[in-house]
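Subject: Structure for you to look at

Hi,

Here is the structure I said I would pass on, with the sequence alongside. Have a look, and then read on for what I found in it.

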Amino acid sequence: MKNSTKKSHLLLLPAALILSSCVTDSAGNTDWAAATQNVLNSGLLNSAATSALSQSEITAGLKQALEIGSTNVVGQLGVLNGFNTDPKIRIPLPDTLKRVDTALSTIGMNSLTSDLELRLNRAAEAATPKAKSLFVSAISQMTISDAQGILTGPQDSATQYLRRAMGPQLANEMQPLIQNALNQAGAIQAYDQVMGQYDQLPFMPNVKADLQNYVTDKALDGIFYYGATEEAAIRQNPAKRTTELLRKVLASQ
């Protein structure tokens, strides 16, 4: 009986909120559309819906959104030209090698630096699918206390939480994947060839680049960039909410 009463109160709550926000015109007539809009604008209905969800449901729903988003991003970026032909996330030469590129251009050998740049992007493309399990593991560490603020935060708040809380750990765990990918893509050999030619030029300063850390950071930049895009799409577009839990939780925003 108590549960039935509680459910009745929940069902009556939206109506009560609308009644409390009624607007009347000069003739004393109630403007129901304006009253309803006032409640929607105030966020009271959303707050009521959110309170009906358990904290564990909210947390699980946000984890699902991140897992679905990361799967979509990995599928987009972890393929040939996923990084290389996308101007938003394409990995350029490290700043320390721009001097090298300029110097080699003067002797018609900047094709070496262009080849190196391509191989850096190929390494990111190869490492991205292997990083999926790292993201799933990081997402699983989201706590109930994290979830409520994320649900009511900006459209990319879950992605930004993941980057803030787990970014350094993800970077450390991705570095071996990136190093292996750099080797397989021939980027290390290309780098050695570039530096060999550069070092033969007279009066040039010493230059070095940490390709492993650099490509790791840039790969994560690209993944998080599109992760935020995916999260916003899932929040905004009901058709992107592919599970019942996602539809339930995100409908309460």
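Let me start with a question: are α6 and α10 roughly parallel or roughly antiparallel to each other? Before the answer, please keep in mind that this is a predicted model.

Helix α6 covers residues 111–130 and helix α10 covers residues 187–199; their axes lie 9 Å apart, at an angle of about 155 degrees. An angle over 145 degrees counts as roughly antiparallel, so that is what α6 and α10 are. The crossing of α6 past α10 is left-handed. On the α6 side, the residues that meet α10 are Leu112, Thr113, Asp115, Leu116, Arg119 and Leu120, and they face Ala187, Ala190, Tyr191, Gln193, Val194 and Gln197 in α10. Sorted by class, this contact has 7 nonpolar, 3 polar and 2 charged residues.

Helix α4 spans residues 55–77, and helix α7 spans 132–139. Their axes come within 10 Å and cross at roughly 170 degrees, so α4 and α7 are roughly antiparallel to each other. Here α4 passes α7 in a right-handed crossing. From α4, the contact takes in Lys63, Leu66, Glu67, Ser70, Thr71 and Val74, while α7 brings Lys132, Phe135, Val136 and Ile139. By class that makes 5 nonpolar, 2 polar and 3 charged residues.

Is leucine 162 buried or exposed? Its relative accessibility is 4%, so leucine 162 counts as buried. Leaving out neighbours within four places in sequence, leucine 162 is in contact with Phe135, Ala138, Ile139, Gly167 and Phe224. Phenylalanine 224 is 62 residues away from leucine 162 along the chain, yet their C-alpha atoms are separated by 8.9 Å.

The whole structure has 2 aromatic pairs, and tyrosine 225 with tyrosine 226 is one that is edge-to-face, at 4.9 Å centre to centre and 90 degrees between the planes.

Asparagine 84 lies between α4 and α5, the latter being residues 95–105. Although in a loop, asparagine 84 has 12% relative accessibility and therefore counts as buried. Which residues is asparagine 84 in contact with, leaving aside neighbours within four places in sequence? They are Arg90, Leu118, Asn121, Arg122 and Glu125.

For the overall picture, the chain has 12 helices and 2 strands, and along the sequence they follow the pattern α-β-β-α-α-α-α-α-α-α-α-α-α-α. Of its 253 residues, 39% count as buried.

Cheers

Conventions. Residues numbered from 1 in each chain as written. Predicted model: local features only at pLDDT ≥ 70, side-chain atom pairs only at ≥ 80, totals over all residues. Heavy atoms only, no water. Axes fitted to C-alpha atoms, helices over the stretch in contact; angles between N-to-C directions. Helix = DSSP H or I, 4+ residues; strand = E, 2+ residues; numbered from the N terminus. Parallel < 35°, antiparallel > 145°, perpendicular 65-115°, else oblique. Left-handed = near helix turned anticlockwise from the far one by under 90°. Contact = heavy atoms within 4.5 Å. Nonpolar A, V, L, I, M, F, W, Y, C, P; charged D, E, K, R; others polar. Phe/Tyr/Trp six-rings, centres within 6.5 Å; stacked < 30°, edge-to-face > 60°. Buried < 20%, exposed > 50% of the residue type's maximum accessible area, 1.4 Å probe, protein only.
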